[in-house]
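Biologist: I would like to learn how to read a protein model. Can we go through one together, feature by feature?

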Number of protein chains: 2
Amino acid sequence: MPSSKSTSLDFNAALTEKVQIVNETLNRLLAEQREVPENLREALEYTLSAPGKRIRSAMVLWSCELIGRREDGNARTAAAAIEMVHTYSLVHDDLPAMDDDDLRRGRPTCHKAFDEATAVLAGDALLTLAFEVLAERVDDPALATRLISQLAQAAGPGGMIAGQIADLRAENTVGSVEMLEYIHTNKTAKMFRCAALMGGLCGKATPEQLDALGRYGLAMGLGFQIADDILDVSASSEQLGKTAGKDVKAAKCTYPAVVGIEEARELERALAHEAVAALESFGPGAQVLRQLAMALLDRNR
Amino acid sequence: MPSSKSTSLDFNAALTEKVQIVNETLNRLLAEQREVPENLREALEYTLSAPGKRIRSAMVLWSCELIGRREDGNARTAAAAIEMVHTYSLVHDDLPAMDDDDLRRGRPTCHKAFDEATAVLAGDALLTLAFEVLAERVDDPALATRLISQLAQAAGPGGMIAGQIADLRAENTVGSVEMLEYIHTNKTAKMFRCAALMGGLCGKATPEQLDALGRYGLAMGLGFQIADDILDVSASSEQLGKTAGKDVKAAKCTYPAVVGIEEARELERALAHEAVAALESFGPGAQVLRQLAMALLDRNR
């Protein structure tokens, strides 16, 4: 058996490989859009090329490999699409009327680097493109419509947008654990579940396999958001690539604020183990997805 | 032959019927979204229920009837989807960072009635929902992906968004006719073409029929935008249901500003006739689409 250190090296190499594939796919899909005006293209390239962790898109690719033995063109398209939707949500979330943030992924936010109108429209463009590439590049229309349905449900007014609205309304209120769970489930976890499901669908998963992947993704997403909230209070802006301490400043409703940092760490651990447990039936093939779950915890050490 | 007056009465009755169908479809699709938070649902209902002209969605329904003999569930879904995308574009276009408008369809704009964050997110929600309903409610996946592709291309960074960016950049510049044509084609006409094409696709149009419908839609869209620009300088805010004279105030690049109001009226007439001419091969079945083109001109009398 490999040592823990070499396992972690293997995992990092595997993640780097996926990040590269996702970046190449995003570049190619954007280059294929011929009629985009130059200043808008610059804004799209700027936001898409920022050094993101690409966790959602790596989950799509690995979930597809797990079920279908290999990652294929459909999974790459799905990975790029979910990354476009995630990126659009950051661009709009950073707007002055929303979280009003200056720094994202280590660089000025889109409306700071360009202007507010361009940021609104660049976000709109990324959201639209995500559905376009799924409709046009996935080679089976029945699969394409299922992927579009999953992505729209996860990102739409009964998912990510519901979470963002609740998050904004919860500012300056004494949050309950129920409210936190609602916000995190909608704002973050449904998109993680969607990533696992999209990968599974590309690999032709059975309903039972989709159910297990969905539980994995949901636990991963909740754990990831709690880890993010912990990092916001414990790391510097330089480490984060975005403004640190902004949740406290904005009086955001977060787990560290509501239950304390120790209990938040406990919950994060429990969710990582819940994610790992959801993969039990898949055997050794799911190793990299398990490592992804455990890597969450390492971010806070 | 019916008199011109009774023809116009028939046309108005036919349009009213379609508006009702579109409104009912929009209400039903929104009601079926169970997990939308209450305040977001209010904003969505507010924007979707504003008394819009529903010209794009009526074009979808009539184009489907023309080709497939009858309007069906797929065409109703497509009509609702294009109306959602059009409405999202108005909500974002009215934002302070964009056109900064207070009045739309006779009522306060979304960010005035709610707040800016809600308007950003309501727009995002409508755009996402449009693709969701096409993916989930159209009964043939191959048709659904073609509709999604058309809508995304028309609304995306090589279409409507390109036009909006160019429109914003053209403020306070001496516009050329070429620039105007670029803006109007992208901002407005591609969505009109898309409406005609979506209807045609639902009715199982041949490539030749799609080509004719596309030419009709494009001419309609250009003519409609010119009519809109003329109204902006010649009508009151009350007549318009939105702020009158705002193009001049914002130093917008419009046909009346660049070529003068008389030449703009001339061009509008020519485009209405071009739209009618594109329908020649369809015979009497296309009468209502021809009336729609000629109704454009009546708006300015």
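Modeller: Start with contacts: two residues are in contact if their C-beta atoms, placed from the backbone, lie within 7 Å. This is a predicted model, where local features need pLDDT of at least 70, side-chain atom pairs count only at pLDDT 80 or more, and totals for chains, interfaces and linings use all residues. Residues are numbered from 1 along each chain as its sequence is written, and chains are lettered from A and ligands numbered from 1 in the order in which they are written.

Biologist: Among contacts in chain A between residues at least 6 apart in sequence, what percentage join residues at least 24 apart?

Modeller: In chain A, the share is 72%.

Biologist: How many helices and strands does chain A have?

Modeller: Helices (H or I, at least four residues) and strands (E, at least two) are DSSP runs, numbered from the N terminus. Chain A has 15 helices and two strands. Its radius of gyration, taken over C-alpha atoms, is 18 Å, close to the 19 Å that the globule rule (2.2 Å times the number of residues to the power 0.38) gives for 301 residues, so chain A is as compact as a globular protein of that length. The C-alpha trace spans about 50 × 45 × 35 Å along its principal axes.

Biologist: What share of the residues in chain A is buried?

Modeller: A residue is buried if 20 or more other C-beta atoms lie within 10 Å of its own, exposed if 12 or fewer, and partly exposed in between; C-beta atoms are placed from the backbone. Buried residues are 54% of the 301 in chain A.

Biologist: Which residues of α2(A) are buried?

Modeller: They are A:Leu40, A:Ala43, A:Leu44, A:Thr47 and A:Leu48. Their arc (from the directions from the helix axis to the C-beta atoms) is only 120 degrees, so they lie on the same side of α2(A).
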